[in-house]
Amino acid sequence: MSNIFVISRKQLWLFFLVVMVMITAAFGLRWNQSRATLAAGQDTRIIQLVTGEFKTKTDDGKELEVYRFDPGTIVVNKGEHVELRITGVNGKSHPFVIQELGVKGEINKGQTTTVHFTADQKGTYPILCLTHTSLANGGPMIGYIVVQ
């Protein structure tokens, strides 16, 4: 006895439609995974800093005023995309430079300055305030970026 299967055109179209839906779903899932992987490689690390001020008096009554970046040292990984958001809390203006990373800007009191860089080379790079360079003018105001 032989079994004979009869397939109608309606069943054939239904089978074709189900296969196409499965292929489209598989392609869509695979495409979303590849986009997520590409986006993860381009993530930007956001780091917040502030400008700070310390005042004190010496034993003879002389007032000392010193400015700083807080935190004073930031550690990032080589190849990492970094966004620094530096908010001016104390001091009117702090023009600054990170020479080796090609970054410069100015931080003003009550405002946030945003700069971007990619940490391409390992090393320690100073963030130098150009206004407060020595003790005579409230400095040195230096922060450090350490690239591991």
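**Close-up of Asp 70 and its salt-bridge partner, Arg 68, in the predicted model.** Asp 70 is partly exposed, its relative accessible area being 40%.

**Close-up of the salt bridge between Arg 85 and Glu 83.** The closest N and O atoms of this pair are separated by 2.5 Å. Arg 85 has a relative accessible area of 28% and is therefore partly exposed, whereas Glu 83, at 12% relative accessibility, counts as buried, the limit for that class being under 20%.

**Close-up of the salt bridge between Arg 45 and Glu 80.** This contact is one of 4 salt bridges found in a search of the whole structure, and its closest N and O atoms are 3.4 Å apart. Because Arg 45 belongs to strand E1 (residues 44-57) and Glu 80 to the loop between E3 and strand E4 (81-87), the pair ties together parts that are 35 residues apart in sequence. Arg 45 itself is partly exposed, with a relative accessible area of 34%.

**Close-up of strand E3 (residues 73-76) and its pairing with strand E9 (residues 142-147).** In a regular strand, side chains alternate between the two faces of the sheet. E3 pairs with E9 in the parallel sense over 4 bridges, and within E9 the bridge partner of Ile 74 is Ile 145.

Terms used. Residues numbered from 1 in each chain as written. Predicted model: local features only at pLDDT ≥ 70, side-chain atom pairs only at ≥ 80, totals over all residues. Heavy atoms only, no water. Buried < 20%, exposed > 50% of the residue type's maximum accessible area, 1.4 Å probe, protein only. Helix = DSSP H or I, 4+ residues; strand = E, 2+ residues; numbered from the N terminus. Pairing = 2+ DSSP bridges. Salt bridge = Lys/Arg side-chain N within 4 Å of Asp/Glu carboxyl O.
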